Amino acid sequence: MIRVFLLDDHEVVRRGLADLLHAAGDIEVVGESGSAQEAARRIPALRPDVAVLDARLPDGNGIDVCRDVRAVDSSIKGLILTSYEDDEALFAAIMAGASGYVLKQIRGTDLVDAVRRVAGGQSLLDPAVTQRVLERIRNGVEQPPELASLTDQEGRILELIAEGLTNREIAGRMFLAEKTVKNYVSSLLAKLGLERRTQAAVLATRLLGERPHR
């Protein structure tokens with residue numbers, strides 16, 4: 001069974017999504033919430049395979065929830081559900097480590113398929129769009145002053161933290177020992193005056209997201 005958590009501030013929408021997913025037969029809704037803050041607290045404890053997250057909520061947004069949850073447990077996949085097609089939100093979703101970004105106008109069968117694909121480790125994000133986001137990070141104008149103290153290696157690791165990767169995943173991506181990555185993370189946190197990876201992810205996403213195109 002694929003374990004799913006639902007975040008949407010409209011109860012009717014949550015019930016409709018829950019009924020739709022239950023009817024699929026291979027999907028179990030293990031929790032739901034109408035609050036971003038509550039969801040960010042409950043999702044890591046419930047450990048669903050996929051969190052279906054409304055992009056806009058009265059007390060926050062699903063993209064921030066995705067980032068916070070994946071900073072705690074990167075095995076949880078985020079699927080952002082939104083009413084609006086917004087390039088900036090798509091950029092933020094990719095930066096938060098989301099596996100998919102779909103419009104609420106999506107057909108029910110397509111949403112079920114999206115949940116299955118994301119649970120199976122696939123990305124629903126267009127590779128060309130993802131590449132543009134990475135280029136936007138790398139080819140932006142001069143580095144934000146807050147990050148100037150970091151070495152190139154620390155800066156790259158900070159980008160990967162912002163994508164929601166764990167130390168082990170970063171080690172695999174960069175061909176480093178996990179202990180070496182841990183040392184880099186400790187160093188960059190100290191330089192930035194931060195205590196936790198989550199704070200670093202939030203800071204990096206804000207700063208890197210503000211870097212304009214050339």
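Which strands does H5 lie across, and at about what angle does H5 run to E4? In this predicted model, H5 lies across E1, E2, E3, E4 and E5, and its direction is at about 155° to that of E4.

**The sheet**

The five strands form an open sheet in the order E2-E1-E3-E4-E5, with parallel pairing. E2 and E5 are the edge strands, each pairing on one side only. From one strand to the next, the twist averages 25°. Helix H1 also packs on this sheet, where H1 touches E1, E2 and E4 and makes an angle of about 165° with the direction of E2. Within the sheet, E3 and E4 are joined in the parallel sense over five bridges. Leucine 53 has isoleucine 80, in E4, as its bridge partner. Strands of a sheet pair through backbone hydrogen bonds, in either a parallel or an antiparallel sense.

Helix H5 comprises the twelve residues 108-119. At 1.5 Å a residue, H5 should span 16 Å, and its end C-alpha atoms are 17 Å apart, which agrees. Leu111, Val112, Ala114, Val115 and Val118 are buried in this helix. These residues cover an arc of only 155° around the axis, so they are on the same side of H5. The elements against which the buried residues of H5 pack are as follows.

| Element | Residues |
|---|---|
| strand E1 | 2-7 |
| helix H1 | 11-23 |
| strand E2 | 27-33 |
| strand E3 | 50-54 |
| strand E4 | 77-82 |
| strand E5 | 100-103 |

Glycine 121, which follows H5, has a positive phi near 95°. Glutamine 122 is placed in the loop between H5 and helix H6 (127-138). Is glutamine 122 buried or partly exposed? Its relative accessible area is 41%, so glutamine 122 is partly exposed. Beyond its neighbours within four places in sequence, glutamine 122 is in contact with Ser99 and Arg117. Glutamine 122 and lysine 77 are separated by 45 residues in sequence and by 9.8 Å in space, C-alpha to C-alpha.

In soluble globular proteins, nonpolar side chains tend to be buried together. The largest nonpolar core holds 24 residues, of which Leu7, Ile43, Leu53, Ile63, Val65, Ile80 and Tyr101 touch the most other members. At least two residues of this core come from each of E1, helix H2 (36-46), E3, helix H3 (62-72) and helix H4 (87-95). H4 gives the most, with five residues. Isoleucine 63 is in contact with Ile80, Ala89, Ala92, Ala93 and Ala96, leaving aside its neighbours within four places in sequence. Another core lies apart from the largest one; this core has 23 residues, including Leu158, Ala162, Val185 and Leu207.

**Helix H7**

Helix H7 spans residues 152-162 and is mostly covered, with eight of its eleven residues buried. The buried residues of H7 are Glu154, Gly155, Ile157, Leu158, Glu159, Leu160, Ile161 and Ala162. Just after H7, glycine 164 adopts a positive phi of about 95°.

Conventions:
Residues are numbered from 1 along each chain as its sequence is written. This is a predicted model: local features need pLDDT of at least 70, side-chain atom pairs count only at pLDDT 80 or more; totals for chains, interfaces and linings use all residues. Side-chain values use heavy atoms; hydrogens and water are left out. Helices (H or I, at least four residues) and strands (E, at least two) are DSSP runs, numbered from the N terminus. The expected span of a helix is 1.5 Å times one less than its number of residues. Buried means under 20% relative accessible area, exposed over 50%, partly exposed in between (1.4 Å probe, protein chains only). The arc is that of the directions from the helix axis to the C-beta atoms. Contact means heavy atoms within 4.5 Å. Two strands pair if DSSP finds at least two bridges between them. Axes are lines fitted to C-alpha atoms, for helices over the stretch in contact, and angles run from 0 to 180 degrees between N-to-C directions. A nonpolar core is a set of buried Ala, Val, Leu, Ile, Met, Phe, Trp, Tyr and Cys residues joined through side-chain atoms within 4.5 Å.
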